[in-house]
Amino acid sequence: DDGPYEYTSELINLLDREGVKATFFVNGQNFWDLETNTDAQDVIRKAYMDGHQIASHTWSHAALDELEDSAFDEQIDKLE
């Protein structure tokens, strides 16, 4: 939740060894910036390629109920 982060790759390896699939809820800009950090991009790709589900937790984990419609849409669209 709220990743990826430096431990996500190790977690994926553990889950794969144990035969467990997980859903990873990711942010675009939380611990790492998905736009610029290739390690973060690689971890998300690894999880997906290993059969885990990737789900959106918005771009910056904003309080969606406090946003105007356009800002709400941006939080969703930017992570896609």
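The protein chain has three helices and two strands, where helices (H or I, at least four residues) and strands (E, at least two) are DSSP runs numbered from the N terminus. From that end the order is α-β-α-β-α. This is a predicted model, where local features need pLDDT of at least 70 and side-chain atom pairs count only at pLDDT 80 or more, while totals for chains, interfaces and linings use all residues. Residues are numbered from 1 along each chain as its sequence is written, and side-chain values use heavy atoms, with hydrogens and water left out.

Overall dimensions next. The C-alpha trace spans about 45 × 25 × 15 Å along its principal axes. Of the 80 residues, 26% are buried, meaning under 20% relative accessible area with a 1.4 Å probe, protein chains only.

Take one member, Leu 34. Leaving aside residues up to four places away in sequence, Leu 34 touches Pro 4, Asn 27, Gly 28, Ala 40, Gln 41, Ile 44, Trp 59 and Leu 79, contact being heavy atoms within 4.5 Å. Across the chain, among contacts between residues at least 6 apart in sequence, 63% join residues at least 24 apart.

Terms used. Buried means under 20% relative accessible area, exposed over 50%, partly exposed in between (1.4 Å probe, protein chains only).
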